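Here is a short report for a reader new to this structure. Please have the sequence and the 3D view at hand.

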Amino acid sequence: MTTIRLDAELMTGYDVEAAITRGLLITGVPRRVLFSEAAIAASYQAEALLIGPYPLGFLARYVRAGGFTAALDLPEPVIGPEATELVRGWLRAAAATGADLQREVLFARWLASVALLITLRRRVREEWN
């Protein structure tokens, strides 16, 4: 049975970090959840801390080029202490799966998906206003 979650629930109470770890390690349902519910929740959480799509897209390219370790070494992957802590939590959850090129690329794709969701929501808001 599928549980439908409201946007507000995804924004405030969803454990994105756990979904990242599971989704990177386990194919099937956990991977689908990573790219659906977890990506939506992450996009809401990022927007709540004023993280836009560009920084997340940049970080996705950085992870793809340098891996988890290089991304974790960035002094400020996004602007602002709360935003940095949010994104570092995602990076730590991903890095906890171990250094693996396929998982790093998969996580980079996930970050790009989160950035895309933010972009799409902004465009819809602009059209409605």
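## The model

This is a predicted model. Residues are numbered from 1 along the chain.

## Helix H2 against helix H5

Start with helix H2, residues 16-25, and helix H5, residues 81-95. Their axes come within 8 Å and cross at roughly 30 degrees. Angles under 35 degrees count as roughly parallel. That makes H2 roughly parallel to H5. The crossing of the two helices is right-handed.

Which residues make the contact? On the H2 side they are Val 16, Glu 17, Ile 20, Thr 21 and Leu 24. H5 brings Gly 89, Trp 90, Ala 93 and Ala 94. Six residues of this H2 and H5 contact are nonpolar, two are polar and one is charged.

## Helix H2 against helix H3

H2 also packs with H3. Here the angle is about 150 degrees, and the axes are 9 Å apart. Angles over 145 degrees count as roughly antiparallel. H2 and H3 are therefore roughly antiparallel to each other. The crossing of H2 with H3 is left-handed.

From H2, the contact takes in Val 16, Ala 19, Ile 20, Arg 22, Gly 23, Leu 24 and Leu 25. From H3 come Pro 30, Arg 31, Leu 34, Ala 38, Ala 41, Ala 42 and Gln 45. The H2 and H3 contact divides into ten nonpolar, two polar and two charged residues.

How many salt bridges does the structure hold? There are three. One of them pairs Glu 47 with Arg 121, with the closest N and O atoms 2.9 Å apart. Glu 47 lies in helix H3 (residues 29-48) and Arg 121 in helix H6 (residues 101-128), so this pair ties together parts 74 residues apart in sequence. Both Glu 47 and Arg 121 are buried.

Glu 47 also forms a salt bridge with Arg 122. In this pair the closest N and O atoms are 3.9 Å apart. Again distant parts of the chain are linked: Glu 47 is in H3 and Arg 122 in H6, 75 residues apart. Arg 122 is partly exposed, at 35%.

## The salt bridge of Arg 92 and Glu 85

Another salt bridge joins the side chains of Arg 92 and Glu 85, at 2.6 Å from N to O. Arg 92 counts as partly exposed, with 40% relative accessibility. Glu 85 is partly exposed too, with a relative accessible area of 44%.

## Ile 51 in the loop

Where is Ile 51 found? Ile 51 sits in the loop between H3 and helix H4 (53-72). Its relative accessible area is 2%. Buried means under 20%, so Ile 51 is buried.

Neighbours within four places in sequence are left aside here. Ile 51 is then in contact with Ala 46, Leu 56, Val 78, Ala 83, Leu 86, Val 87, Ile 118 and Arg 122. Ile 51 and Val 124 are 73 residues apart in sequence, and their C-alpha atoms are 17 Å apart in space.

Key. Predicted model: local features only at pLDDT ≥ 70, side-chain atom pairs only at ≥ 80, totals over all residues. Heavy atoms only, no water. Axes fitted to C-alpha atoms, helices over the stretch in contact; angles between N-to-C directions. Helix = DSSP H or I, 4+ residues; strand = E, 2+ residues; numbered from the N terminus. Parallel < 35°, antiparallel > 145°, perpendicular 65-115°, else oblique. Left-handed = near helix turned anticlockwise from the far one by under 90°. Contact = heavy atoms within 4.5 Å. Nonpolar A, V, L, I, M, F, W, Y, C, P; charged D, E, K, R; others polar. Salt bridge = Lys/Arg side-chain N within 4 Å of Asp/Glu carboxyl O. Buried < 20%, exposed > 50% of the residue type's maximum accessible area, 1.4 Å probe, protein only.
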